[in-house]
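Dear colleague,

I am handing over the structure that I have been reading, and below it you will find my notes on what turned up. Please keep the view open while you read, so that each residue can be looked up as it is named.

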Amino acid sequence: MIELNIPISEDRILSLHAGDAVAISGIATTGRDAAHKYMVERLIEAKGPLSKEDRCLYDELKTIYRGGAIYHCGPIVRKSDERWSIVSAGPTTSIREEGYEDKVIAAFGLRLVIGKGGMGPRTLAACRAHKAVYVHAIGGAGVTSAEAMVEVLDVFKMEEFGLPEAFWKIRFRLFPGIVTMDAHGRSLHAELAEQFDERLARILG
Amino acid sequence: MTCDEKNRLSGPDFSEALYSLIRRTACDLPEDVEQALKRACDHEAPNSTAQKVLSLFLENVGLARKKQIPLCQDTGLPLFFIRHPSGLSRQTIEKACADAVARATREQFLRPNAVDPVTARNSGNCVGAGIPGVYCEEGDGEALSVALMLKGGGSENVGRQYSLPDDALRAGRDPEGVRRVVLDAVRRAEGKGCAPGILGVCIGGDRGSGYLHSKHQLLRPLEDANPDPVLADLEKRILNDANRLGIGPLGLGGETTLLGVKIGALHRHPACYFVTVTYMCWECRRREIRIETDGTWRFL
């Protein structure tokens, strides 16, 4: 198990290879469908000047993501005594963000994209160009994943996006995953897909 | 049926029963599914990624049950399948289901999963147009049973419907054609529906009924045998073939790609031959309760 502490250096990313088991610690955010659409359309590729609120959030995200991580996850959260906590929080399917992720990696300098199911050639190319890796978390493991998300520090866009889709700023401690796409251009998903095709062709005859 | 018996649906016992059904379904994986995961874990190569992933699944299952926390953050779309005696008000049933869903969401046993597609607003209580799904069927006798399935969105996205014949897949209107398209669906799903999955398949029907009937198949226990010998054989063959694809748990490679295949059939229009596949993730969350005329209830 390789321990990764956010912020993560370029050299550290280059030392990782597809297949490595990792445990991630540090501050990161969740972000899924609404968050990715928002970051690309309203921040990164904004047509005009940003509103004060958007500018503020853009700056905040830049600070969190520089050398950091985004987790494709829509958690179940609980609020008691005015404090939020994470109840259940496994990964969501990453491929839906394929149209956005390369731009997000490039704009923020992300080092880790965490999710499930893998991503496509655009994200793989961005991982190579900007020195980032994709980490596959354990799909369906809501409870064990939540145990590694030890503190909710803040939340952004909760009203607009709803609880599952908001950016939850969280302190991670030894969050487990497997690197399946590395910064050297290797994707386990692409390699396995070729095997699946060959086997299917044989089975169907 | 007397008026009092009808009212068992609007009383506090019925709401409590539905709430308990939701809570247990979200937190406690059915025994047959857990056993199938344990067998798969033993079957995978020692220290393989597949075996490690399956043991992490089982650890999550145990912890969720112990701590009474939802197994997965995606508690899915709540789908109620109800068999009721004649004379019960469906409106009352639907309202009771929606109320129980809203309460379970307030208490974090469900995630708010109802989003208005036009305004992009989340309703906040997991209730909205068409959510929860409530499907009523009139049964014989006085028994009232409620089966609940929590159907995750990631696995829902990898479901597919084929119209046969399908030239590209060389699939004709026969069991072999069905086998070919269903295996195509499994291949395309890879790990994206949280493999190892369980397939609910419907042969025939129309574009709407096909999906609903395929979901009905997912209520069947993993170890049951299809009473139709043709379908029983097809289920076995597809399961066996799918587990030779090498997709494995979460699509990271391995011997276990599916835990089960359940196939049903509906009559079709002569022009149409649909094969509809619904993919259920490894966390196949389904439970059923039976409510007696005196309002007492139990899990089946």
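If neighbours within four places in sequence are left aside, P132(B) is in contact with P78(B), L79(B), F80(B), C97(B), A98(B), V101(B) and V127(B). Please bear in mind, here and in everything that follows, that this is a predicted model.

P132(B) sits in the loop that runs between α5 (90-106) and β2 (133-138) of chain B, and the peptide bond that joins I131(B) to P132(B) is cis, with omega about 0 degrees. Is P132(B) buried or exposed? P132(B) counts as buried, because 23 C-beta neighbours are found inside 10 Å. A114(B) is 18 residues from P132(B) along the chain, and the C-alpha atoms of the two are separated by 8.7 Å.

The loop between α5 and β2 of chain B also holds A120(B) and C126(B). A120(B) is not a glycine and yet has a positive phi of about 70 degrees, and C126(B), which is not a glycine either, has a positive phi of about 70 degrees. As background, most residues other than glycine have a negative phi, and most peptide bonds are trans. A120(B) is partly exposed, because 14 other C-beta atoms lie within 10 Å, whereas C126(B) counts as buried, because 24 C-beta neighbours lie inside 10 Å.

A cis peptide bond is also found in chain A, where I6(A) and P7(A) are joined with omega about 0 degrees. The place of P7(A) is the loop between β1 (2-5) and α1 (10-14) of chain A.

Another loop residue to look up is D74(B), which is placed between α4 (49-67) and β1 (77-84) of chain B. D74(B) is buried, because 33 other C-beta atoms lie within 10 Å. Which residues is D74(B) in contact with, once its neighbours within four places in sequence are left aside? The contacts of D74(B) are with G74(A) and T92(A) in chain A, and with R111(B), G152(B), G153(B) and G154(B) in chain B. D74(B) and A26(B) are 48 residues apart in sequence, while their C-alpha atoms are 9.5 Å apart in space.

This brings me to the contact between the chains, which takes 34 residues from chain A and 41 residues from chain B. On the side of chain A that touches chain B, the elements that give two or more residues are β4 (76-80), β5 (83-88), α6 (142-147) and α8, and α8(A) gives the most, with 9 residues. The residues on that side of chain A divide into 18 nonpolar, 13 polar and 3 charged.

Two packed helices are described by the angle between their axes and the distance between the axes. Helix α8 (residues 188-204) of chain A and helix α7 (residues 175-189) of chain B have axes that come within 11 Å and cross at roughly 170 degrees, so α8(A) and α7(B) are roughly antiparallel to each other. From α8(A) the contact is made by F196(A), L200(A), I203(A) and L204(A), and from α7(B) by R180(B), L183(B) and R187(B). Sorted by class, this contact has 5 nonpolar residues, no polar ones and 2 charged ones.

Within chain A, please look at helix α3 (residues 52-65), which has 14 residues and reaches 20 Å from its first C-alpha to its last, close to the 20 Å expected at 1.5 Å a residue. The buried residues of α3(A) are L61(A), I64(A) and Y65(A). Seen down the axis of α3(A), these buried residues fall within an arc of 80 degrees, so they line one face of the helix. The face turned away from that buried side carries the exposed residues K52(A), C56(A), D59(A) and T63(A). The cover over the buried residues of α3(A) includes β2 (21-30), β3 (69-71), α4 (98-108) and β9 (167-181) of chain A.

In α4(A), the buried residues are Y100(A), E101(A), D102(A), V104(A), I105(A) and F108(A), and they pack against α2 (33-44), α3, β6 (112-115) and α5 (121-130) of chain A. Following α3(A) comes G67(A), with a positive phi near 75 degrees, and following α4(A) comes G109(A), whose phi is also positive, near 75 degrees.

With best wishes

Key. Residues numbered from 1 in each chain as written. Chains lettered and ligands numbered in written order. Predicted model: local features only at pLDDT ≥ 70, side-chain atom pairs only at ≥ 80, totals over all residues. Helix = DSSP H or I, 4+ residues; strand = E, 2+ residues; numbered from the N terminus. Expected span 1.5 Å × (residues − 1). Buried ≥ 20, exposed ≤ 12 C-beta atoms within 10 Å, placed from the backbone. Arc of directions from axis to C-beta. Contact = placed C-beta atoms within 7 Å. Axes fitted to C-alpha atoms, helices over the stretch in contact; angles between N-to-C directions. Parallel < 35°, antiparallel > 145°, perpendicular 65-115°, else oblique. Nonpolar A, V, L, I, M, F, W, Y, C, P; charged D, E, K, R; others polar.
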